[in-house]
Every structure is written in structure tokens, then in C-alpha cells.
Amino acid sequence: MLRDILSGNSSIDPSQLAGAAGLAGDPASLAALMKQLQGALNSSQGSTGVNWDIALTQGQERAANGQLSPTDDQQAQLKQAFHIAALWLDDVISVAELTVEPRLMTRREWVTATMPLWTQLAEPVATSISDSLTRVLTEQAPKEMQGMIANASQIVRSVGGTLFAMQLGQVVGQLASEVVSGGDVGIPLLGEQQAALLPQNVAVFGAGLDVPDDQVQIYLAVRELAHARLFRHARWLRLHLISSITEFARGITIDSSRLEDLAASFDPANPEELQRAMADGSLIPPKSDAQLQALGRLETMLALIEGWVDVVTVEATSRLPKADAIAETVKRRRASGGPAESAFATLVGLELRPRRLREAAAMWQAITDAVGNEARDALWAHPDIGPSSEDIDDPTQLIARLTSASSGTAPELDDLDRALEDLLRDDGTERPIEE
């Protein structure tokens, strides 16, 4: 069937299949799709894994459409914005400056720089999809066809991996037209200490606001530097975050029964059902307990990061007359997300926007008011001393411990602390056993 489709000897319209997969159906894009899939078909023997170079190429081409290079004036203004942002941040955080110069990126450069991490996050899902497809083929085939199916499953794995890589490239390429900075989606997409702004997208962000361009640029530069400096200060944070994401992604499986139902009822002239299934995530079963735990840890950490960035940005940009208006735009934009983020959530099964951001920001502000910036930022020194999900819900005990530490008084012990103290006492006394 695949050979017939790719050679043009099938009644199935390739443009409809491309549309169902979320890919462009224009003649040029369709020709490129067929070429890539034919290459995957021909190289399926001995092929292992996904050819992620396809994702990079697709993403670069998508991002290049409508791309504008920054003008000399834009570059000068944004470099000045980074300089001012660094000075203002120094007044409100106890986190060291970056040793790498911030960058101004085109959309295509952003895709090139971030694709290695995107593919790292997506690879477990691509593997799961391929495994599910080949498992269905193997389990449903009669014994006398096992030899044929072994070859077919490798073809399906290769072609399916290629299609997945192309979809990822399209999503990242579209995302390049939406993000304004390296840390805009909350996860550390760029290398260590690297801060970046996309001048073209910064201009689009500020176009609908009644705010001077220089204020928008400084505000976004402060947010980006705060994000990058946090990851430099908390060196464990990047690995912790990426590990949580990949742990979640590895647990994703495909609902084989749903896949079989789609295959049995698939009408080549009417691929809308397949498109809906791919868009609404119905092929992915409910999350397992392990996945829910990993997702909870991930959401907590993303909320802590974004909440801290929000709080220090508000303090650092207090000199900007229109800071509140820019902050409100950032919040609305973050709450709704963009089409590319929605596509990534469907493709990988993961939403990038933390749901508990407001509560986390309130916690960080309460900590700042109670013990100051330095004690607040010291909580990022090690994952074991940082705030927990329970602290986001009610930061009272955390603030009490920090206040006691800053004043030099012994903190009040809770029941667990007292029990541990009893266990660790070395004076040979024993507490009476209560009935």
C-alpha cells in the first residue's frame, strides 16, 4: 500500500493524507513530502531510529517563510536594552551575571539552535509510535505471514518516523514565528548561559500596544536575562527539568485498539476522522500513575521558574512607566499560548505552560517581602532546599523557617521534625510509649 501511494498508483490522494498529518498540501510541499517518504521507504532496510535531520530542514524552511533580518537600528536598540536590563537586574537579584553575550536571532537561527533539544524531548514519543505500529502488525498477522510482516514493520517504522520528524519540524518552524526569546516557552531551549531575543517577533509583540518600543524591548530583555541567569545560578535545574520531561515522554504509549479501529474504517476520500484523532490526542491513552507523578513534578518546577521570573521582572522594571501594560500582555499571551504550542502538546502529549503560575508568583513575592532577595534566591542552590508543591499552596511554614534562619533563632519544630530529633538523640533516653 505504501509503495502504491508513493509511486502514484493508488486512489488515495496524498494531499489529503498530508492535510490529515498537519502538513502543507501545496504542490511544492507535497513534492518534498513524497520525496522524503520515498527516501525513507528505500532506506528502510537496516534503518534504526528517526532521521532528525528532516525535522531540522523542515523547521528551517518553515521559519524562513516571511523572515526579516534585523535592521541596524533594531540591533543597536536591543543591545542597549540588554545592557539596561542587566544593570536593573543586578539591583534585585543575587544571581551572577552571564559570561556569554546575549544574541539577536532570526527565526531560522532560533530553529537551528533549539532543534537539538526539541528532538531530545520528542524522540521517546516517536519511538513509542513506531513500536505501537509494528506491534499491531505483528500481533494481528497470521503465522504464515510473519516473514512478510517483519519486512513491512521495518518499512512502517521508517516511514512513520520520517513523517513524525516532518511534523515536528513544521511545529518548531511555526513556533519560531511566535516566540520572542530563548526562554519564552519556559524550558531552557538554548545552551547554558545563552540569552536571546528575536527582533522580528519582539516588533510584532509590541505592535499592538500603546507602549514605546524601547520600553517593550527593555521589559522583554529583563525577562530573558532573568531566565538565563537563573539557569546559570541553579546549575542542576536544566538537567532536572529535561529529565522530568523525558521521563514523562517515555511513558507515552499509543492506543492500539483505537489505531486498529481507525485503520478498519479509514476512507481515503474522507481523512477528517484521522485528522481529528491526531489533533485531539485520542490515540494517546490516559496517563499512567508514574506519568502523573512526573507531570506533577514538572508542572511544579515550571511554575516555580516562571513565578520567580515574574516577580524579579516586576521589581526590576518598576522604572518603566508602561511596565504594567506589558506585563498584562505577557500574562494574556502566556495563558492562551499559540497554535504551535497546541500542536506540540498534541504531538508530544505535553503542555508547556504551567497551570499554577499565579500561586507560585504569589509565594515568591511573599518570600521576598519576608526575608529579602538574597535569601529568596538562595533557595535555588539545591533541589532539596527549594520550595515544594505544598509550599506553593501554603508558604507559611517555609517563610517561618527562612525568617528564623535569618534572625538566628531556632525554628519551631513540627511533628515530623520532633520525631526525627528523637530518633537522632544520642543521650540514651527514651520517650514513653503512648497508648
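Start by selecting Gln194, which is buried, with a relative accessible area of 17%. Keep in mind that this is a predicted model.

Gln194 sits in the loop between α7 and β2. Show the side chain of Gln194 and the backbone of Glu101. A polar atom of that side chain lies 3.2 Å from the backbone oxygen of Glu101. Beyond its neighbours within four places in sequence, Gln194 touches Val100, Glu101, Pro102, Arg103, Glu224 and Ala228.

Step to Gln193. This residue is also in the loop between α7 and β2, with β2 spanning 196-197. Check its backbone: phi is positive, about 70°, although Gln193 is not a glycine. Is Gln193 buried or exposed? Gln193 counts as buried, because its relative accessibility of 12% is under the 20% cut-off.

Next, the aromatic rings. The count comes to 4 aromatic pairs. Select Trp52 and Phe164, an edge-to-face pair. Their centres are 6.2 Å apart, and the planes make an angle of 75°. Trp52 lies in the loop between α3 (27-42) and α4 (53-64), and Phe164 in helix α7 (residues 146-175), so the pair ties together parts 112 residues apart in sequence. Colour both by accessibility. Trp52 is buried, at a relative accessible area of 15%. Phe164 also counts as buried, at 5% relative accessibility.

Last stop: select Trp236, Trp364 and Trp380. Ring pairs link these three residues into a cluster.

Notes. Residues numbered from 1 in each chain as written. Predicted model: local features only at pLDDT ≥ 70, side-chain atom pairs only at ≥ 80, totals over all residues. Heavy atoms only, no water. Phe/Tyr/Trp six-rings, centres within 6.5 Å; stacked < 30°, edge-to-face > 60°. Helix = DSSP H or I, 4+ residues; strand = E, 2+ residues; numbered from the N terminus. Buried < 20%, exposed > 50% of the residue type's maximum accessible area, 1.4 Å probe, protein only. Polar contact = N/O pair within 3.5 Å; in protein donor to acceptor, adjacent residues only side chain to side chain. Contact = heavy atoms within 4.5 Å.
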